Amino acid sequence: MAQQTDLFKNLIAHCKEYGFIFQSSEVYDGLSAVYDYGPYGVELKNNIKSYWWSSMVQMHDNIVGIDAAIFMHPKTWKASGHVDAFNDPLIDNKDSKKRYRADVLIEEQMEKIEAKIDKEIEKARKRFGDGFDEAMYRTTNPRVMGYVEAFEAIRTRLAAAMTNGDMAELKQIIEDLEIADPESGSRNWTDVRQFNLMFSTQLGNIAGEEGKLYLRPETAQGIFVNFLNVQKTTRQKIPFGIAQIGKAFRNEIVARQFIFRMREFEQMEMQFFIRPGDQKHWYDYWKQARMKWHLALGTPQSKLRFHDHDNLAHYADAAVDVQFEFPFGFKELEGIHSRTDFDLGNHQELSGKKLQYFDPELQESYVPYVVETSIGVDRMFLAMMSNALVEEEVPGGEGSRAVLKLHPALAPVKCAILPLKRNEERIVKVAQDIFHKLKLSFNVQYDDTGSIGKLYRRQDAIGTPFCVTVDFDSLEDNTVTLRDRDTLQQERVHISQLEGIIRERVDMKQLFV
Ligand code: ATP
């Protein structure tokens, strides 16, 4: 655990040092849970968005994109359930004055029990060696069985309390488990209260409730209210999808873990409109499709898993998370939700406008059902950074290097062009010519600000898959040294070959085939 905390601290420091992520308003000591993306951060973020957008919109002739406004008519949030049901249960510690999410405190207690189970299993694995049967051990060892039973009992109570909105029961669980404030150790808690996560603001010159606007807490509603506009203008037939990337805002209570939980973040959501009754088929389809999308980036299967929801959100009849193993454990990266006709049905009722589709095959009109996929850009960014950052020894006794082994298609800079001698005009000229040619195709960098060794280290740290070094031989035979970030292999290639070699490795196309 201590090692994981170090890893996470390292990652945050790396993001700052190399211009990926800065704390918002840092000169004023920052704004909690709000972050700015720096020069390399914005490139990586754009590449993640571009991969998602292409995989949805470009790769499916029945998915189209939109870009809806952040502000929406206030009734939108009444219809969607966010005014009445978008609440987190919060609890204050009377001694430390710190505020927590009651469900998170309980989940953290469950994680501690899980860690105890894992520890017992690891001990037994070492003791029994190759013949160790984990499944058997879990169901026969009294100590492990005790932990599993305790874990399951809490899980069941938590799920019921969350589903029923039972704040008193949440407080009771915290008391029964003798959960203490993680900071002060105090058990002096207030009651649990509901806290709405939407930020509100006021519209121009209209005072009071009438002019109250919300910053959208999800992008999905911009898609639902535009459903018929899009369907009619694109003449799509069901099943079809609408995709959108955009900012969302939530007044999160637990604002820790860097960009994992932010108050202003970005979502990539796709709502897939289907015939009522087909939801099971499309739910399974999108589950598989989304897992494939993650795996194509080279993320190991062992770091990804599905996690079914114990307590369903107010709008869903089935929901699953794609969890990623972040440095602080397996947590939600993406949600896949079967939302039935909840949203369109409610918008139809509250607006008084028909939001129905005429199905030419069935010769009938209905409110479509929806299966959605919803992933946070920032969480995906964190997943990619934490998966990619490696500290390793460089062969040949050259010390260690921090290298970001990002998939080349996501890397912020695709190739760095480095002149061996910055004072040698002829070398500089060839290097700059290469830079100006390659920049037409890729994001490339020309750098002559240090020794080649230092420049390589810097490119490794920002994840650049290729470095090109121009030297005296280049002047004679038009060849350069091409260095591979991961294998560290250096090969001599002709300048005219560079573009083709780089394209083959960095093209997003490879992620789709
Ligand atoms: P959590 O349980 O972690 O609060 P959620 O279930 O509320 O997340 P959804 O409403 O399903 O999240 O939102 C879809 C996706 O948006 C999430 O899978 C996550 O990637 C992203 N997301 C949600 N809240 C935040 C946040 N505060 N900061 C960054 N990303 C977020």
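Start by selecting Gly352: just after helix 12, this glycine takes a positive phi of about 75°. Before you go on, note that this is a predicted model, where local features need pLDDT of at least 70, side-chain atom pairs count only at pLDDT 80 or more, and totals for chains, interfaces and linings use all residues. Residues are numbered from 1 along each chain as its sequence is written, and side-chain values use heavy atoms, with hydrogens and water left out.

**Helix 12**

Now step back to residues 342-351, which make up helix 12. (Helices are DSSP runs of H or I with at least four residues, strands are runs of E with at least two, and both are numbered from the N terminus.) Colour Asp343, Leu344, Gly345, His347 and Gln348, which are buried; buried means under 20% relative accessible area, exposed over 50%, and partly exposed in between, using a 1.4 Å probe and protein chains only. What covers them? The cover includes helix 3 (75-79), helix 9 (220-224), helix 10 (227-234), strand 10 (264-274) and strand 13.

Strands count as paired if DSSP finds at least two bridges between them.

Next, select strand 12 (residues 318-326) and strand 13 (residues 329-340), which run antiparallel to each other and pair over 9 bridges. For one example, click Gln323, whose bridge partner in strand 13 is Glu332.

**Ser200**

Jump to Ser200, which sits in strand 7 (residues 200-202). Is Ser200 buried or partly exposed? With 44% relative accessibility, Ser200 counts as partly exposed. Beyond its neighbours within four places in sequence, Ser200 touches Lys212, Leu213 and Tyr214, where contact means heavy atoms within 4.5 Å.

**Cysteines**

How many disulfides does a search of the whole structure find? It finds 0, a disulfide being a pair of cysteine sulfur atoms within 2.5 Å. For Cys15, the nearest cysteine sulfur is that of Cys467, 20 Å away. Cys15 is buried, at 1% relative accessible area. Cys415 also has the sulfur of Cys467 as its nearest cysteine sulfur, at 6.9 Å, and Cys415 is buried at 0%.
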